[in-house]
Amino acid sequence: MRKPKVLIFSGYGLNSEVETKFAFDVAGGNAEIVHINDLISKKKKLSDYQIFAIPGGFAYGDDTGAGNGYANRLRNHLWKDITQFINDGKLIIGICNGFQVLVNLGLLPALNLKYGERELGLMPNEIPRYTVRFVDLKTENKISPWLKDIKSLTIPVSNGEGKLYVTEKTLKEMKKKNLVAFRYYKGEICDYLNLPASPNGSIDDIAGVNDETGRILGLMPHPERAMFFTQLPNWPYLKEEYLRTGKKLPEFGPGLQIFKNGVNYFK
Amino acid sequence: MISRVEIFTTVFDSRAKLRKKNKKIKSITLIDVYTIEKNLKQAELEKIGSSVSNPVTQKYYIRSFGSPPFGGSLKMTDSHRNVGQFDWAIEIGFLPGVTDNVSHTVRQIIEDQFNIKFLGNEDVYSSQVTLISGTLNKDEVQKIANSLYNPLIQRAYLKNYKQYVKDHGMGFAAPRVKLIKKPTVSKVDLKVSDDELTKIGKSGITNPDGSKRGPLALDINYLKTIRDYFKNKKRDPNDIEVESLAQTWSEHCKHTIFANPIDEVKDGLFKHYIKRATEDIRKKKSHFAKASRDGDFCVSVFNDNSGAIKFDGKNLITHKVETHNSPSALDPFGGAVTGIVGVNRDTLGFGLGAKPVANYYGFCLADPRIEKKLYKGKGLTQPMLSSKRIMNGVIDGVNAGGNQSGIPTPQGFLNFDERFRGKPLVFVGTIGLIPKKIGGKLSHVKKAQPGDYVVMLGGRIGKDGIHGATFSSEAMDSGSPSTAVQIGDPITQKKLSDAIVKEARDMLLYNSITDNGAGGLSCSVSEMAKESGGVIVTLEKVPLKYPGLEPWEIWISESQERMTLSVPKEKWNKFKSLMDSREVEATIIGKFTDSGKCLVSYNGKIIMDIDMDFLHDGLPTKFLTTTYNPIKYDEPNIPQEKNLNQTLLNMLVRLNITSFSFISQQYDYVVQANSVLPPLQGRGRVNADTSVIRPNLDSQKGVVMSQGLYPSYSDIDTYHMAASSIDTAIRNAVAAGADPNYLAILDNFCWCSADDPERLGTLKRAAQACYDYAVSYGTPFISGKDSMFNDFNGYDEKGKPVNISIPPTLLISSIGVIKNINNVVSLDLKKVNDLIYILGETKEELGASEYFAMQGEKVGKKYIGNMIPKVDAKNNKKLYGQFFKAIQKNLIVSSVSIGRGGIAVALAKTAIGGKLGIQVDLKHIPGNVSRDDHILYSESQGRILVSIDRKNKNVFEKNFKNVHYGLVGKVNNNQVFEVIGLENKKIINLKVDELEKAYKSTFKDY
């Protein structure tokens, strides 16, 4: 079976392309970092890939709203290619800044599959400051292939504008249609760190959203920053537990599963 | 035509809530404004409004003024009706020429959307309006405005509601730079009296209108040497020539104090103590195989923008730490952001370009809770920013610079002393990763070739940062220019950085690269020209932010985000098209030669013609002499107390001890997925002195980073101050799992009034200790930097003259390679019933300690004492080596290097970290100290506090031979922190929660 080809966007201040590529490669994909301008100049073709990922970063310095500048550039130059990509039944993921881009591009939540309309806002955090911490996520979502076999996940957030806002009407629709991918909840890592569930005051504690096909996923937290065991904040403690019970230290962390799900969708 | 696109947030705006600090304020609304100076149709403006806002959470309004289609009249949109009632409006925008990153983005969005270009005077400017409801008078509103802006870089307008309605809004201001003077080159007459020469050196060249251009920081001997040089050439120098020499010969660039002969040290402090230490260590290490644990790991030391050591067979690790003190005093945000992105360029400028993998920071500040007004000018003019503004600003600056650049910031520190009130110290550092070989060539070797193009890459040049290098070589007083202030643009640099280290470098498209930092082109180009043997620059080719700059300004401007490269002719087209496709501006501005001359032409005329030899080595030798008169202090008389509960709680809230987690958790340390030991550790999220990253995800190897500094020890003796800093930097790293044989260090000397022989005496002693201890530990220096004039000369709130000099500060930063990241240890206790040990000996060493400082403050005195910690390198080295072995055997469960605040603070941190109780008996602590409080708070070096699994007791104890250690207690499950004193009585009995609360209380609301 050939490895599915994954395109990782880069350029203009996106900054997590290297580790996102690493995660997809470890998960069994064949990932490639492509500068957005190489797609615009047609040096590369979006249609050559099965998955595209917009990784975390600070595209356009978050000016005029996080993700907005990059979304404008995609809309101005690559809109047709993107809609074709969606129509071809392929997978899209946006992580953190990438999620903000997908939202500003109107790819999420895209009620009634109306791609291109903005229906969501990711606003400055409740305490309007860049915040880095680990969170617990849970999912009850049954429609997204990205979430297969995932019930909960411990990964970090790292953002300034992660507070999700939608109107009540949109929220109702999203819930009905299974478009809430992840919620923050008080689980193991919140207990360990003695922190509240939500890092930013998101409406309904929403951390991630998918479209109605389930094939497009956006989330504020970073699964690639918890792909190794040693990235977890409590790993030195867990290491001691493993040592004393004679167990081998795991190599990988919980975040990897999302990338595996993406890759395995094409296997 | 000028248009304003005004963006309102329609749902709850947390940014507005943050500003609602004054109780009289009922509500606040924020409006983001983009002022566009360009003829655009209403439909286009509407489209722009939609593109720069989100309809779910925001609304936009367009208002235009001037030329068609509005025929010079104001368009009545009654914008106040959109906002509803309010009482006051404050608009804050940038002054002309100040870097405005947001406007840059909006301009790009517009250009991309309509496929148009902004030409000539057309541009975009960003500003923000704060609408306030509440019964406040104008003074009160002005006070709020003052707290929101910095007059050096910003402007603020106030309007009340009535005026706002009458004017239909805030008005249309486009802060365009208008330079009407025609750029010229003028001659400088140096054939003047000594007095005049001195004045030229201090205040600068005189403009035709009589004003001064700002400090050259050249002393009279230097100016005489320049005069003689041009006398031989039979002409007067041009202004650009004098300015250029001032940059190249500045203390900031040439480090004259470290380079010149001093007393009997003929080769100067740097060569004699710092560089020689590294050479001697490398010589010793060269007897061992390179690959062995004892082998020489240094690759490139002291001769590039960063220092580099071997990481593994295929990669090098680089490190560089800089200071950005003077600019941060004036514009803390801009100063710090420029500092961090500037030191990132020291990484990009290492060898053929290293990739930044970690940032590092340190802020030395005055207590932000105390307000003391200081003025640079006589008669209460030119007020300095408050310590709180400086603290908040520098924290925000490193946040913006580091986070936006996608570089993790896992380690840093705060240090407080009243003497940092005049000038703060802002340390910024960057660790980089670079393949050892690129295309078969050693990556750390670079050489511009004659015939190569001189290429400027990245941002454009403006008036910002003129005289930065000479300015920082001077004390701060009323002559300090505000043009020395710059604001960094991390995204422009990120684009440049990616294009270099992720693409152009590996295609070998250039022969050499260096950073444009202090001195701008004048330093970077002439520095690189040493490699080829000469250069000619055509200055009119240099891209400018706005027209009208004088040639000398273009040459020395420190506008940010620029690198200088040497690109071979045959590779230019490929290089240029790659940069174009990444939206990175690349311009040929000259050619490297082997003429032996540094030539600059402007519109066809040679305006600078200086021999390379003179430019770089022409500066006269200055013979420095020192004096040294140590002060003997009274020993403080502190009563012995039976119950030390309150003492410990008081200690934990102190600025130098308390948690600064609010900083650690706003600096991204998880980006690049390389975090291993994070800045906050354990359940209690305690600030750690040491962090570990994994810079290459393919490898199990890690990089450990830490530091040591003790400014207060300088009050007693800078020799032992330096020794303690070195021991701490090493010990911190070792405590987390570093191999003591595989550590390197960096020095950052921040001194004060360094022309005073007594101060030079203390500097010399510190440098001596650097040699002695680096060699004893076998830990080489690989890079360093100094900042010699950290003095403030101004006036206090009564207008009385004051001089504030910082305590001489030496920051030692350590970096090492960890073989397997699984073998590192965090600071938190982990398991109930584990045993607690203290390694190393506790001595009666409380001189200049945090404990003395605290006890002194209690009675309104300054307690210093004399018994400063002295470092026993021989014994410590033995201990660190055995400790490393214990970690490799997984014997260490938690470990804390004992530093400021002594054993008491270390115990508290490990307990808070693990949220576990302890019982400790002071009788078992190795050493001969006879008072409980002295045992708890002595700052003796060379000690580590650990916990271990009790089943490993024998193996653990057998591991340590001929070193001091004591089994002092155990981990409890009752959440009680209990210490038994020498007289067998409980002297501390607190809940771990109480300790945590105290530890986290000081910056709780930050």
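Tutor: Let us begin with Gly69(A), which is found in helix H3 of chain A. Helices (H or I, at least four residues) and strands (E, at least two) are DSSP runs, numbered from the N terminus. This is a predicted model, in which local features need pLDDT of at least 70 and side-chain atom pairs count only at pLDDT 80 or more, while totals for chains, interfaces and linings use all residues. Residues are numbered from 1 along each chain as its sequence is written, with chains lettered from A and ligands numbered from 1 in the order in which they are written.

Student: Is Gly69(A) buried or exposed?

Tutor: A residue is buried if 20 or more other C-beta atoms lie within 10 Å of its own, exposed if 12 or fewer, and partly exposed in between, with C-beta atoms placed from the backbone. Gly69(A) is buried, because 27 other C-beta atoms lie within 10 Å.

Student: Which residues does Gly69(A) touch?

Tutor: Two residues are in contact if their C-beta atoms, placed from the backbone, lie within 7 Å. Leaving aside residues up to four places away in sequence, Gly69(A) touches Tyr12(A), Ala59(A), Tyr60(A), Asp63(A) and Thr64(A), together with Thr105(B) and Ile109(B).

Student: How many residues take part in the contact between chain A and chain B?

Tutor: On the side of chain B there are 50 residues, in contact with 57 residues of chain A. Helices H1 (14-18), H4 (101-114), H15 (387-405) and H17 (490-504) and strand E24 (675-677) of chain B each supply at least two residues of that side. H4(B) gives the largest share, 7 residues. By class, the side of chain B that touches chain A has 20 nonpolar, 19 polar and 11 charged residues; Ala, Val, Leu, Ile, Met, Phe, Trp, Tyr, Cys and Pro count as nonpolar, Asp, Glu, Lys and Arg as charged, and the others, Gly among them, as polar.

Student: Why is helix H4 of chain A described as largely enclosed?

Tutor: In H4(A) (residues 97-104), 8 of the 8 residues are buried, so the helix is largely enclosed by the rest of the structure. What covers these buried residues includes helix H3 (68-87) and strands E3 (51-54), E4 (91-95), E5 (121-123) and E11 (216-219) of chain A. After H4(A) comes Gly106(A), with a positive phi near 80°.

Student: What is the strand order of the open sheet in chain A?

Tutor: Two strands pair if DSSP finds at least two bridges between them. The open sheet has 9 strands with mixed pairing, in the order E2-E1-E3-E4-E11-E10-E9-E6-E7. Its edge strands, E2 (30-35) and E7 (152-159) of chain A, each pair on one side only. Within chain A, E6 (residues 131-138) and E9 (residues 180-185) pair in the antiparallel sense over 3 bridges. Lys138(A) has Arg183(A) in E9(A) as its bridge partner.
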